[in-house]
Amino acid sequence: MNVFAGITVLDTMLKLCTALLAYKASGDRMILYGAMTTVVAGINLALYKFYCNRNFAESKSGCSFKGHQLKNIFTFSSWTLLGQFSQITANQGTALLINKFHPIEGIANAAFGIAIQIESIIASLSRNFFTAFQSRITQSYAAGDLTYLRNLINYASKFSFVLIYIPAVPILINIDWLLGIWLEKVPAYTNGFCLIFISSALINSVSNPLWVSIFATGSIRQLQTASSVLYILDIIVVYVLFKAGMSPLWGPGTKFVFNILIVQTRIFFARKQLPFFSLRLFIRNVIVPLFCSVLLSLLAILSFYSQTEKSGFSRLGLSVYSLFTCIIVIFFVGLNNHEKSITLKYIRHFVTTLSGKFAYSCSSNKKHPS
């Protein structure tokens, strides 16, 4: 994970340099930006390949074509491609329909794109965290350690949700102020789009470990087919609503409803394909604690929000209060005793490692003063 984190940081820095170079360049900036983005992707591929060749013997073996393996790989990748293509079609199709039916209303399509960017930034914490769990889930299923896998799914579901929820609350209560700082002119509907997209990301995060577990079984045809049908239906419903003259907010609003249906679809196939999965235990151990945490934290935050001025240090105080309220309520209400002990162990390990590195840096500076 250290290597993965390092390459991710490098990728981010290179993309920033790419954007700055494209901004300063003359001529066709889009072509230049596309070419440099391709180069960055090639650098990532080369770094991953170099690391794998040095550390994993199986990545250095030559090509071997075995019919049954190629068939299994092609079948699995085809169903995966179907699901991803349907999801991309739904996302981009909604943007196209907003642009078609609401081209002038406050540049609603620009608001749609800005909201997606904000949601992506907030959800990136959860995605990076969940990356570490994906291989664990697959390995646990392959090893037949189903008790550990059930606990791992519960833990990953909770913390995938928490890592979006904790930063999302302070951002959403200050969304108009933050958008005003970021943008010279804030498009209409942006704050509403942000709220809907972040809410969708929260709902999706809870079910992510379930689809990874289903993928670990290798039998994904039914799940991918059902999900693809829902994504396509999403586009059809959005088209019908916009044709009837509905507001642009119905675009992401419809996606929110269909995201709930997709989560229910994942739960349905998890019950069908994962013998260890119990919906009753999942609701009791994951859904109920998260729901109670969200309800209590929002009640505490909104009661304070209604009595606070929305300017200056009051806004900063509200943000800090909301952040710590979410953390405290989730820790004491959302986590069971075992999850609390695991969380505290990781925090202690992180603090110990950080303090050790700081002490080593100070001792090095004393031995070699500048």
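Predicted model: local features only at pLDDT ≥ 70, side-chain atom pairs only at ≥ 80, totals over all residues.
Side chains of opposite charge can pair when their charged atoms come close. With a cut-off of 4 Å between a side-chain nitrogen of Lys or Arg and a carboxyl oxygen of Asp or Glu, the count is three salt bridges.

K15 and D11 are both part of helix α1, which covers residues 2-24. The two are four residues apart, about one turn of the helix, and their side chains form a salt bridge with an N to O distance of 3.3 Å. K15 is partly exposed, because its relative accessibility is 45%. D11 has a relative accessible area of 13% and is therefore buried.

Another salt bridge joins E339 and K158, whose closest N and O atoms are 2.7 Å apart. E339 belongs to helix α12 (residues 337-367) and K158 to helix α5 (residues 146-173), so this pair ties together parts that are 181 residues apart in sequence. E339 is buried, with a relative accessible area of 5%. K158 is also buried, at 2% relative accessibility.

The salt bridge between D234 and K255 has an N to O distance of 3.5 Å. Here D234 lies in helix α8 (residues 221-243) and K255 in helix α9 (residues 250-273), so the pair links parts that are 21 residues apart in sequence. D234 counts as buried because its relative accessibility is 2%. K255, with a relative accessible area of 8%, is buried as well.

How values were computed. Residues numbered from 1 in each chain as written. Heavy atoms only, no water. Buried < 20%, exposed > 50% of the residue type's maximum accessible area, 1.4 Å probe, protein only.
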